[in-house]
Amino acid sequence: MPDKVLFTATVDYHFKSFHLPILKWFKEQGWEVHVAALGNIELPYVDQKYNLPIQRSPFNSRNSVAYSRLKDIINENNYGIIHCHTPVGGVLTRLAARKARTKGTKVIYTAHGFHFCKGAPLQNWLTFYPIEKWLSAYTDCLITINEEDYLLAMDRRFAAGKVEHVHGVGVDTEKFKPISENEKMKRRKTFGMEQDDFILFYAAEFNKNKNQQFLLHAMSRLKDNLPNAKLLLAGEGALLEECKQLAKTLSIEQMVHFLGFRKDIDSILPMCDLAVGSSLREGLPVNIMEAMACGLPVVATENRGHRELVVDGVNGYLIKNQEVELLSRKINDVAKSKRLLGNLGLMSIKKIKKYELLSVNYELSEIYSRYMLRDTNETKDQYNRAYI
């Protein structure tokens, strides 16, 4: 009978977006793959899928139902490994797996950016830090995706059996890659852009944390000095209409294109000139990694995730959140110098190497391999040949 692995998260599209290569990897090792999350989408490489009423708010009463069902699922299946993702998914799973751990199940949790970090509100520290510190005692391996979170977990003596640093969820550099200048001009024409437009790109949900208003105010300051600048904003969210109204108020409607939800980001990014990011908090932003893989420089707000990817003056620039004048000036500087644009872009491609999908999957396979054998007498050499 094959060993079983369970992946959990708040919503199932989390796995479709970020973890299909790892689900495939487990299948290739002969493991039975189970997934538990909210949603009904079909996932490849999955033998059993559970739709649980997990809610993003930790205070939603439906989470108690999800917890009860999750505990039954775990206790019935004798999983070798359970890997949980997302804050609420991570809380419910580690609580539900306490009995299973006494029988040998190994629990792995990936923190996709702690809500408590440098510059985070005090309320985040009061609410989330005690929970994560407490639950680390029920975690065999805590995976962090940026250096700041890794050092925090180590310095604060989180009680996980092991704390690891993995370079995010990986970016597919076969899908996200630079294109020729000729192809770039063709795509711009297809998207209704002019050849001499200076195109900025940002893909994110329209919410308070992603802070697109900051970018809009910067664009309003570029109207005279850089009238050919075009800001493409992909995504949906609660603040979308508010941002559209702000663009009208600032008289920059012709400079800002609201693209809505897109499935063709890999086609849009390579025709752009510059990636921008305005979020207040990030773990390790996939949107910035994808842009870097396409050879784009990055001008972004200074936060833990952006600091991990952007070296100021090397592959882009980091801007404090309120410095809208500096943001607009750095965008203008990059736009006015083809040499600077090219040099920064080349450094983005160089820096993204360790975040490539193959590199990250290897890091994860090394971690999984330490927990894939339970109570066997196989030697380490046999173990490595079988799973690495």
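**Salt bridges and burial**

Visitor: How many salt bridges does the count come to?
Guide: The count comes to 17 salt bridges, taking a side-chain nitrogen of Lys or Arg within 4 Å of a carboxyl oxygen of Asp or Glu. This is a predicted model, where local features need pLDDT of at least 70 and side-chain atom pairs count only at pLDDT 80 or more, while totals for chains, interfaces and linings use all residues. Residues are numbered from 1 along each chain as its sequence is written, and side-chain values use heavy atoms, leaving out hydrogens and water.

Visitor: Which residue forms a salt bridge with Lys27?
Guide: Asp47 does, with the closest N and O atoms 2.9 Å apart. Lys27 sits in helix H2 and Asp47 in the loop between strands S2 and S3, so the pair ties together parts 20 residues apart in sequence. Helices (H or I, at least four residues) and strands (E, at least two) are DSSP runs, numbered from the N terminus.

Visitor: Is Lys27 buried or partly exposed?
Guide: Buried means under 20% relative accessible area, exposed over 50%, partly exposed in between (1.4 Å probe, protein chains only). Lys27 is partly exposed at 33%, and Asp47 is partly exposed at 39%.

Visitor: What about Asp149 and Arg304?
Guide: Their side chains meet in a salt bridge at 2.8 Å, N to O. Asp149 is in helix H7 and Arg304 in helix H13, so this pair ties together parts 155 residues apart in sequence. Asp149 is buried at 0%, and Arg304 is buried at 3%.
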